Amino acid sequence: MSPLADFQNEIYLNGLGDARPGLPTDLTRLEGLAERSLSAGAFGYIAGSAGSEATARANRAAFDRWRIVPRMLRDVAVRDLEVEVLGTPMPAPVLLGPVGVQSIFHPDGELAAARAAAACGLTMVLSTAASYTIEEVAAANVAADAGGGEGGRGARWYQLYWPKDRELAVSFLGRAGAAGYTTLVVTLDTVTLAWRPRDLDQAYLPFLRGIGVANYFSDPVFQKAVGGPVTDANRGTALMHWAANFGNPGLTWDDLVFLREHWDGPIALKGVQHPDDARRAVDTGMDGVIVSNHGGRQVDGAIASLDALPGVAEAVGDQATVLFDSGIRTGADVVKALALGAKAVLLGRPYCYGLALGGEAGVRHVLRCIQAELELTLALSGHTRPGDLSPEVLARSQ
């Protein structure tokens with residue numbers, strides 16, 4: 001058993017001294033606990049989705065339609081979950097997906113997530129809409145990495161919400177590159193915010209309260225536009241300038257050339273659901289696509305991401321790296337996504353629930369659980385590496 005799956009033995013051995021995990025090991029239980037812990041606004045923001053939330057329900061239902069078919073007597077004594085994704089070595093095919101405004105879940109927010117990611121050797125994708133700056137999160141990640149951990153060295157990717165002000169976009173990219181973020185993730189599905197009833201019913205948009213705008217307020221281009229560093233005197237002006245720049249519905253495929261001119265590393269497009277869009281990504285020189293419907297937060301009634309995954313994977317073949325998010329809750333979910341064509345998955349809500357319930361330790365608990373369950377599910381189904389998985393290991397149920 002590897003150090004990842006050995007988390008199971010660690011828990012059982014601790015039980016000999018009457019010590020039990022502080023959080024459930026069934027990660028699907030975290031949402032209910034987080035609801036009791038968080039304010040209505042904060043919980044609605046992380047748990048809620050667009051409209052009737054049909055897309056979020058579809059994401060989970062899609063996983064239930066696929067069943068793993070275990071194979072026996074295949075020598076799974078030695079397992080290796082390591083992968084390389086867009087040039088980044090990873091101990092397991094799991095990343096911390098970009099989630100903004102994490103300080104509404106815990107005061108340490110993205111700093112705690114960055115430390116937990118480094119301790120587990122996993123890659124964190126930092127959201128533009130973070131509560132802490134690009135540089136602060138990088139420093140937390142580096143400091144935790146220097147302290148060692150279960151998994152060794154982690155890495156940092158940066159997710160861009162492409163602002164209308166191109167000079168501001170260039171500044172964000174320059175800051176991320178200088179701070180050691182190696183891969184750019186560009187979210188395509190949020191050119192404007194969706195109709196989200198849970199947020200609307202609470203009249204709660206954290207950005208307008210000055211939360212999740214740290215990268216904007218700290219940016220020299222942004223500060224120049226609002227007349228200097230953001231203070232109480234110009235805070236209102238700064239918030240309105242943020243609102244005017246956040247959405248960018250005029251973007252087209254032709255604009256991707258601009259990104260390539262200002263980013264030297266790999267670029268992955270997040271929010272791809274249609275095979276034709278995946279082909280366009282390849283044609284425009286993108287390195288990866290992330291099959292995602294933003295966890296159901298943008299289009300109500302949209303196709304489940306897992307249902308979209310096989311078509312996208314077939315469309316790009318080996319011309320680009322395919323990643324997946326939207327609905328991952330268990331190690332078995334990860335196995336299914338990998339079998340249907342993803343190289344790795346991005347985890348979202350579960351680690352934020354862990355953050356809300358236990359800060360950095362809560363995030364680490366979630367990450368260790370998902371990796372351990374992934375390895376054990378892989379082995380018990382007759383496989384030793386993520387690369388062994390293909391659609392043939394699954395059966396579709398009706």
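**Exercise 1.** Compare the span of helix α5 (residues 109–120) with the expected span.

*Solution.* This is a predicted model, where local features need pLDDT of at least 70, side-chain atom pairs count only at pLDDT 80 or more, and totals for chains, interfaces and linings use all residues. Residues are numbered from 1 along each chain as its sequence is written, and side-chain values use heavy atoms, with hydrogens and water left out.
- Step 1: identify the helix. Helices are DSSP runs (H or I, at least four residues), numbered from the N terminus. Helix α5 has 12 residues.
- Step 2: take the expected span, 1.5 Å times one less than the number of residues.

**Exercise 2.** State how many residues of α5 are buried.

*Solution.* 
- Step 1: apply the cut-offs. Buried means under 20% relative accessible area, exposed over 50%, partly exposed in between (1.4 Å probe, protein chains only).
- Step 2: count. In α5, 11 of 12 residues are buried, including Leu111 and Cys120.

**Exercise 3.** Classify the ring pair of Phe207 and Trp242.

*Solution.* 
- Step 1: recall the rule. Rings of Phe, Tyr and Trp (its six-membered ring) pair if their centres lie within 6.5 Å; planes under 30 degrees apart are stacked, over 60 edge-to-face, the rest tilted. The rule finds 12 aromatic pairs.
- Step 2: apply it. The Phe207 and Trp242 centres are 5.0 Å apart and the planes lie at 25 degrees, so this pair is stacked.
- Step 3: locate it. Phe207 lies in the loop between α8 (197–201) and α9 (214–217), and Trp242 in helix α11 (residues 235–246), so the pair ties together parts 35 residues apart in sequence.

How values were computed: Helix = DSSP H or I, 4+ residues; strand = E, 2+ residues; numbered from the N terminus.
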